[in-house]
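Reader: I have a model open and would like to go through parts of it with you. Could we take a strand to begin with, and then turn to other topics?

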Amino acid sequence: MPEERPSDAARLYAEGTYAQPLANVARALRPLRAVADAERLSFLRGVPSGARILELGSGDGRFVEGLRRRGFDVHGTDPFPRGGGVGVVSAEAIEAEPGTYDVVIAWHVLEHLDDPEESLRRARRALIAGGRIVVATPNLGSFQARLGGDRWFHQDVPRHTVLFTAVGLEALLRRCGFGSVRICHFGVQQNLLGMWQTIVNRLTREQDVPFRAVKRMGRRSRSDVARAAVGGVVALPVATPSRP
């Protein structure tokens, strides 16, 4: 049989900042990922054990498994799953009986979609009356985005196809039938690391040099590595106040 080749879309998520890190780097990042997971869990405060949760864009299924260990009834989906018992389906094609889930999580998913409105409408139908959707997405109206311009870490073309301001996202959620909307600006990965990498990007010719280095992606000039190293030290105290 001929060897099955990954699609162009699948290759987009096997490369870049989505590539799997080296094993020793992955181990070093565990504390940071634990903090990021704790922040995500904070949005489930008040959701009782046993609640039915759908996570869109589950990737390796790590967060799905974490929720199951906490007693939730969780179903994860992803167009390009990397294990963890995650179902193969895109967020724009999810099908569920009305009122199936108590919570839907779309954590850095909408920006990857050609039709985020369709995904949100399907999620709304899948929720019980009074259910909750948790959405995270880069903020196009942020200081970080303005500072970075085309060097903004979270712009991430071509993987990100749609970017939102807070006002635009709230309008979309209401148009899709969601009522009370609470917006927060936070995140260790998105705020602190995003700002740090954005500042480094402004100092180097190639983008995302530190991320590419830890994932052995492509060749980097010595000058870019040097700029990234110096820029990383300079950027850290500048990026730290972005956490709140």
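Reader: Is strand β1 mostly covered or open, and how many of its residues are buried?

Author: In this predicted model, four of the five residues of β1 (residues 52-56) are buried. Buried means under 20% relative accessible area with a 1.4 Å probe, protein chains only. Strands are DSSP runs of E, at least two residues, numbered from the N terminus.

Reader: Which strand does β1 pair with, and in what sense?

Author: β1 pairs with β2 (residues 73-78) in the parallel sense, over five bridges; pairing requires that DSSP find at least two bridges. L56 has T77 in β2 as its bridge partner.

Reader: Changing topic, what is the average pLDDT?

Author: The average is 83, and 83% of the residues score at least 70. pLDDT is the predictor's confidence in each residue, from 0 to 100. Residues 1-5 are below 50 and have zero contacts (heavy atoms within 4.5 Å) beyond near neighbours in sequence. Residues 239-244 also stay under 50, with 14 contacts beyond four places in sequence.

Reader: How should I treat places where pLDDT is low?

Author: The predicted coordinates there should not be read in detail.

Reader: How do the residues lining the second largest pocket divide?

Author: They divide into 22 nonpolar, 17 polar and four charged. β5 gives the most to this lining, with nine residues.

Reader: What conventions apply?

Author: Residues are numbered from 1 along each chain as its sequence is written. Local features need pLDDT of at least 70, side-chain atom pairs count only at pLDDT 80 or more, and totals for chains, interfaces and linings use all residues, while side-chain values use heavy atoms, leaving out hydrogens and water.

Technical notes: Ala, Val, Leu, Ile, Met, Phe, Trp, Tyr, Cys and Pro count as nonpolar, Asp, Glu, Lys and Arg as charged, and the others, Gly among them, as polar. Buried means under 20% relative accessible area, exposed over 50%, partly exposed in between (1.4 Å probe, protein chains only).
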